[in-house]
Amino acid sequence: MQTKVILVLLEVLVVIALSRLVGIVCRWIKQPLVIGEIVAGIMLGPSLLGWLAPGVEAALFPNTVIPLLNVLSQVGLIFFMFLIGLELNPKYLTGKLEVAVLTSHVSILVPFSLGTLLALLLYPQVSNASVSFTAFCLFLGAAMSITAFPVLARIITENNLQNTRLGTLALTCAAVDDITAWCLLALAIAVAHYNSMLHALPTIGESLLYVVFMVTVGRWFLKRVAAHYERTGRLTQFVLAGIYMTVVTSAVLTEVMGIHFIFGAFLVGAVMPKNAGLVRGLAQKTEDFVLTFLLPVFFAYSGLRTDIGLLNQPFLWLLCAAVVVVAIGGKYVGTYIAARVGGIGNREASALGWLMNTRGLTELIVLNIGLSLGVISPLLFTMLVIMALVTTFMTSPLLEWTYPKELIKQDIEEPFETEPALETAISTYRILVPVSNPNTQKGLMQLAVAIAGNQLQRAVVHPLSLVEIEEDYAFGSTPTEADWLIQQRQSRLEELIQSLEPPEVRQTIQPIIRITNNVARMTAEIATRDQANLILMGWHRPAFSSNRLGGKVGQILSTAKVDVAVFIDRGRERLDTLLVPYSANIHDELGLEIALRLLFNGKQRHLTVLQTVSGDQTYGELDYEFSTMMEQLPSTVRERIDLKIIEAAEPIHAVVEASADFDLTLAGTSRARGIQRQTLGRYTDQLAIECRSSLLITRRYSQMTSNLASVLSSSEKPMTDNKNSGVEANESL
Amino acid sequence: MSHFNFKSIAFYGTAIAFVVVLFEAVTAYGEKNLKAPVAIDGSYPLSFTSNSPVCLKSTPLLLNINQSGTYLNASLSPKSANSPAPTTSSPAKATQISLTGRLNNQQVNLLSAAKAKICPNGIPPSQISIQGQVEIQGQEGKSLKGNLTSIPGDNIAFTAQRQPFPKKAE
């Protein structure tokens, strides 16, 4: 027994590691984590590991320990279904319920009907006489009709669609679909047990009675639990134990009745009063272990039963294609027609059709039950797993193709931010400021508004707060919870904005709050889409890298297609004395341009431009462009600039020493100093450590468009003409 | 109730009625006219009736058949006294000979995926094929009677009694 336990633990180790690894790849290609977990499971089974190294597979997953793995996966499934029920908030059933019920049910009826017809072809081929045609037909129909509410909810949250007309409609449809599909599955299981609709009637009756019992007595009991939580304000282990016992008892009862464990667990979650604090606490306490440890085991167990090698003839691949086409076509056509009848527009109805095709994990649960009951054969199971993978994989790209995010956002029902108007986007100087922690980034925001100012041209600062979703099924990534997180961020950002001085600068600030699973990529995308001129970031020390400017800063630097400045705050509140170490490269020019903007926006500010030369350079080589630019400056600005040229063998030491007398040093990165584009490199790294003032490291994106004179030509024109000047300034950047 | 008008209700009602009628019609037709192949998956310890090689007399063979309708995947392996009985329809393992084939009218036809040897003698590896007829005995009992061919023309007759795989855990 001890050996078996060790082997199971080893299996779990391999499963979790591979799930995470493939999950990262899926995240990278903008796919839900669930795809990665399903694929990881399949990779460990006969389809890949068993095919490449049958000996290794046989040693790692011997038949003797598979039942133990099954027990773990079933426990995981029970608590996962409880979590699904828990997040099924009646709030989702409020938006356009009539259209949603119609769309949802027709989106089940059409694939179910097509599945029924497909059964005529498949039953003689891939089933056997021990399964009645009715049970086979019901199961195939149910498998075709599934929409995975949890996966769909995450796709909607990740695309920031939860407050759009399409998002709310899709969520309501999927919630109705979920409930209906589970009822259909319960019916299919009952019929499969008895191989006859008539003999299954007592089971169906008992199940209905149990549902009534849970909705009345069960809910009454759980309401008392919620009331206890309200009183005490915390979820004790005693209460948690009581709830878990209720989940397990309910699961066992439904299994004994002849449906399945999962329905009992789901019911407890569904009837649980949706007290926000209790649900959040319960989900957070339950989900970590279930989602990271037990659920990957379920995927692995499922993968061990999936053998793509069974599709060893072209005809079988044709059958598989038929299954996929019927599933996709049925769901899409059903949803599209019903939505159109319900008055939904063409494009939205089409997008809804693709969204409802997400089958993911829910499909896998249904298929595993079918295979365990023997209703579907291993060959059909494999075909249906491929169908689940394809339908889940295609959702995000097809959604984007049918209904690009920009179009969907025009339908936002409850806007939480002011989006920049398109016509002003070009004429305005925009600074995007990623703010991860509003409590510690006041200095960064103060610098942003100081650079933006309003003396040169109209300027807007966009503090960007990204709510990061890491886990696909985590409670924190459900639409309602995401909204709650956004509201929290919004209020914290508002506090930060209200703390900025002088008060008039607050009007130039337009926060952007988004959900994402990739902060760096989203930042770069928003910067490009909103035509930001500059990304101004705070310095984050990476946890697992020796590179001082690595981590997310490094990722944004390598992906953003706009100018980037990284601010290292030494806590100096004033920004009156500025130092620019200038060596005539494009990154230094960006530093100088930002310094000039600061000069224009604050009459009290002074700038010192420091040029260091070594023995083989002459002063004349360096200052031609600089002196041309100086001539273009208005005298009110020029008189506040000092040029200082010093000879130094080690420029870095001269800069560090000079920085002691300034509030802010603005230094460009440079390849000439052996600095890498992605990380800013060794020189800047040293400067980040040793610089005695606050430091702003600048990196210009395009090497072709460096032109300091554009800023000056902007300044020569009055603010009333700032549209033209803005265009010139933007063209130059 | 902006869109839940008579048109929607009529559409909804018609759709449900159509699906119920369709399901009834299809299942009635299917139950009456469609015949799925008999379930034969399980373990078959092969008993050789005559002229079997010496090695098979000392180490009898076990044929595990995994069935998906008419499509069969099987494995042939030495049956040792202390080897555990198979508990799942797991795929062929390292020491097994994998076979694929079809079941038509209770006639089993299996062919090895690669060349293999049943006995560790000097004969070079060749494709293994199994042809057999399933005989039904009562409700659950099934037996297989047929020939195992390792080299062309060398048929070894066998009989085997089916031992169903244990019921899979849900």
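**Helix packing and aromatic pairs in a predicted model**

Residues A:Y332 and A:Y336 are four residues apart, about one turn of the helix, and both belong to helix 14 (residues 314-341) of chain A; helices (H or I, at least four residues) are DSSP runs numbered from the N terminus. The model is predicted, so that local features need pLDDT of at least 70 and side-chain atom pairs count only at pLDDT 80 or more, whereas totals for chains, interfaces and linings use all residues. Residues are numbered from 1 along each chain as its sequence is written, chains are lettered from A and ligands numbered from 1 in the order in which they are written, and side-chain values use heavy atoms, with hydrogens and water left out.

Rings of Phe, Tyr and Trp (its six-membered ring) were paired if their centres lie within 6.5 Å, with planes under 30 degrees apart counted as stacked, over 60 as edge-to-face and the rest as tilted. The count under this rule is 11 aromatic pairs over all chains. One of them is the edge-to-face pair of A:F79 and A:Y244, at 5.1 Å centre to centre and 80° between the planes. This pair links distant parts of the chain, 165 residues apart: A:F79 lies in helix 5 (residues 66-87) of chain A and A:Y244 in helix 11 (residues 237-257) of chain A. Buried denotes under 20% relative accessible area, exposed over 50%, and partly exposed in between (1.4 Å probe, protein chains only). A:F79 is buried at 12%, and A:Y244 is partly exposed at 22%. The rings of A:Y332 and A:Y336 have centres 5.9 Å apart and planes at 15°, so this pair is stacked. A:Y336 is partly exposed, with 24% relative accessibility. Ring pairs also join A:Y123, A:F133 and A:F136 into a cluster.

Helix 15 (residues 346-355) and helix 17 (residues 378-402) of chain A pack at about 175°, their axes 9 Å apart; axes are lines fitted to C-alpha atoms over the stretch in contact, and angles run from 0 to 180 degrees between N-to-C directions. The two helices are therefore roughly antiparallel (an angle over 145 degrees). Contact (heavy atoms within 4.5 Å) involves A:R347, A:S350, A:A351, A:W354 and A:L355 of helix 15 and A:M394, A:T395, A:L398, A:L399 and A:T402 of helix 17.

In helix 24 (residues 586-601) of chain A, 16 of the 16 residues are buried, so this helix is largely enclosed by the rest of the structure. Buried residues of helix 22 (residues 519-529) of chain A include A:V519, A:M522 and A:I526. Just after helix 22, A:Q531 adopts a positive phi of about 55°.

Technical notes. Angles under 35 degrees count as roughly parallel, over 145 as roughly antiparallel, 65 to 115 as roughly perpendicular and the rest as oblique.
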